[in-house]
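Let's take a walk through this model, from its ligand shells to the place where two chains meet. Keep the viewer open as you read.

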Amino acid sequence: MKSGPDLRQYLRQESMPNVWCPGCGHGSVMAALTRAFDNLQLDLDQTVVVGGIGCASRMPFFLNTNGMHTTHGRALAFATGVKLASPDLNVITVMGDGDALSIGGNHLIHACRRNIDLTALILNNGIYGMTGGQLAPTTPQGFRSTTSSLGSIEVPFDAVDLALAAGATYVARTTTFDFEEIPALIETAIKHPGFALVEILSQCPTYFGRLNRLGDGRALLDYERDSTAPQEEITREQLVGRFSVGVFREEIRPEYTRRYAALLERARRDGNA
Amino acid sequence: MQQLMMGNEACALGAAAAGCNFFAGYPISPSSEIMEWMSRLLPVRGGVFVQMEDEIASIGAVIGASWTGAKAMTATSGPGFTLMQENIGYASMTETPCVIIDAQRVGPSTGMPTMPAQGDVIQARYGSHGDRAAIVLTASTVLDTYTMTVEAFNLSERYRQPVVLLLDAMLCHMRENVTVPDLEVIDRARPASLDGFEPFAGEEFLAFGDGARLIVTGLTHDEAGYQRASNGDTGERMMRRVLHRLERDAEVITHTRQESLEDATLVLIAYGITARAARSAVHKLRAEGVSAGLLELLTLWPFPERLIASVAQRAQTLLVPELNLGQVELLVRAAAGGTPVVALGRMDGSLLKPEEIVAKAHEALTNAEATI
Ligand SMILES: Cc1ncc(C[n+]2csc(CCOP(=O)(O)OP(=O)(O)O)c2C)c(N)n1
Ligand code: SF4
């Protein structure tokens, strides 16, 4: 193993062991996140990690930052309040695909639209892990879950398309197979002055792997490799059941808390009300 | 100085006076003017106002803001209040100070959006799943609306709990002359030191960014904030601690107005907009020689059952007029011992008139005599 900085300082020892199954991809994302923290030398006292409900959303418990474990789908709503009331805090949300794209879909598009300076990580395993393997709004067509045992007929959401259309200013997608790429994408997302979304395809061997006979965590990494391609190398037509990966947008547009600060300045000058 | 103001305006001004510096909301009649006022009041005071995508997001943002130390509020009406219930439970579980204004209108569902009702009393207490502590206040005048908004903030800060203030469509849109009082403002206690501080052990509050790396969760947790979801004892202990605090301070939290109760054989128990009609009903009945009295409740939860029990002991009949089909009547009945309780309820969007209450009182007294 490559020797590097001791990343244990970024983990909350009191909460260990974590809840994830052997081979679950969520742990890899957390490891990548701690690397990003280390590379950025992030002030952990001034950082709040906000999760919704689900396996992915448990991450705040295991990180040595401030943590908020909220309600299913609502992480971005809580995070918006934290950031608006205290813009100097670094606020990072960690959500599952059901969390972010199904029950929390409305909050996601509005956070994108506001371009508020939050980092949103969506850990997409194509299934509902925590509740036992039901269909997610990301389950690929034809795939099985405990509520689509004959294969899903639903059209899945593409988080990247959704975020781009809704106005997010940093949008990237990668996989846990491409583990080494994750820290740099998260670092850019944290530094990005606006709404930054990183979707990470993550593996759920316990349900997605088992129900679809794709094998264990290791085998699912191969599935991730085989079902993705860099955005330059894949056409829209080839995208059915597959994902493009890479950075899809990185641009600077007026950010919400800064727009609000400017409004406060105007209100102070005009002194109305 | 006297000012003519609307209930919703008084609510917003009360919030500002209480030090509210964060408001998140979603428009809905009859509460929208509170939000409109806050959108004007907060920016000039350096506070945050945000219109969210829905009520679930509004209360979520309010709770998030409170954890940075902000004094945060939202305002809504029945349909929005129902959407907020899951996160109100979260605020309760995480001991988050915040204020929720519910301007009641006729329900269920979209009901009668601009007509007054008092149908959210039980929801305000039990709307969220599970057992929890709850503080619910109400108001019957525009001045009350101001003072009870300040009180809602004070109680939420003191007890680290979400506090609900129930208004209604009539009070929200009614105008009265108000001399704005100068009221005491309470802010949440901060721990003297971080050494050995447990964020969920009592009333002292530490915010994100204060150096403690807090964990806040809606899962059952211990005093340190760590989840103990498979340890039922911890959950019950934590909830009972908050309930006990409210019980201990019931006298401070319970606000009432009592009129002519000393010799009253017929006691009207009323609250909110209906207390006004009940008061004039008592005056009319007294003028007719009936020994009537009024107990007006400004605090609905914790429900003042001991006070009601003692009033019931002295009275022959209790009459509960309200704009629902018997929500407080049910609670009064449970507290009244053997004293007969008569209900006068409606949910058609009109107010109860003093004459109707007087007529009901006569009917109740005749029935009481018949049974003797
Ligand atoms: C309001 C509400 N509805 C449903 C649930 C049950 N629930 C918990 S987690 C979850 C979905 C988990 O899937 P996902 O968000 O994709 O995350 P994963 O567990 O796969 O990481 C559901 C439906 C809940 N906790 N709250
Ligand atoms: S159920 Fe799936 S997503 Fe949840 S911890 Fe296990 S492997 Fe991970």
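For sorting residues, Ala, Val, Leu, Ile, Met, Phe, Trp, Tyr, Cys and Pro count as nonpolar, Asp, Glu, Lys and Arg as charged, and the others, Gly among them, as polar. On that scheme, the shell around ligand 2 splits into seven nonpolar residues, four polar and no charged.

Some housekeeping before we go on. This is a predicted model, where local features need pLDDT of at least 70 and side-chain atom pairs count only at pLDDT 80 or more, while totals for chains, interfaces and linings use all residues. Residues are numbered from 1 along each chain as its sequence is written, chains are lettered from A and ligands numbered from 1 in the order in which they are written, and side-chain values use heavy atoms, with hydrogens and water left out.

**The ligands**

A residue counts as near a molecule if one of its heavy atoms lies within 4 Å of it. Around ligand 2 you'll find, among others, A:Trp20, A:Cys21, A:Cys24, A:Cys55 and A:Cys204. Helix α7 (residues 205-211) of chain A gives the most to this shell, with three residues. Helices here are DSSP runs (H or I, at least four residues), strands are DSSP runs too (E, at least two), and both are numbered from the N terminus.

Ligand 1 has 18 residues around it, and A:Cys55, A:Ala56, A:Gly98, A:Asp99 and A:Gly129 come nearest. Those around ligand 1 come from chains A and B, so the site is shared between chains.

| Residue | Part of the residue | Distance to an oxygen atom of ligand 1 |
|---|---|---|
| A:His26 | side chain | 2.9 Å |
| A:Ala56 | backbone | 2.9 Å |
| A:Asp97 | side chain | 3.2 Å |

**Where the chains meet**

How many residues of chain B are in contact with chain A? With contact meaning heavy atoms within 4.5 Å, 39 residues of chain B touch 41 residues of chain A. About 3,300 Å² is buried between them, and carbon and sulfur atoms give 61% of that. Buried area is the accessible area (1.4 Å probe) that two parts lose on being put together, summed over both.

There are two salt bridges between chain B and chain A, each a side-chain nitrogen of Lys or Arg within 4 Å of a carboxyl oxygen of Asp or Glu. One of them pairs A:Arg114 with B:Glu53, with the closest N and O atoms 2.7 Å apart. On the side of chain B that touches chain A, α3(B) gives the most, with seven residues. That side holds 22 nonpolar, 12 polar and five charged residues.

Strands join in as well: β2 (residues 66-69) of chain A and β10(B) run parallel, joined by three bridges, and pairing takes at least two bridges found by DSSP. A:Met68 sits opposite B:Val216 there.

**Within the chains**

A:Asp117 and A:Arg258 form a salt bridge, their closest N and O atoms being 3.7 Å apart. A:Asp117 is in the loop between α4 (105-114) and β4 (119-124) of chain A and A:Arg258 is in helix α9 (residues 256-270), so this pair ties together parts 141 residues apart in sequence.

Terms used:
A polar contact is a pair of N or O atoms within 3.5 Å; within protein, one must be able to donate a hydrogen and the other to accept it, and residues adjacent in sequence count only if both atoms are side-chain atoms.
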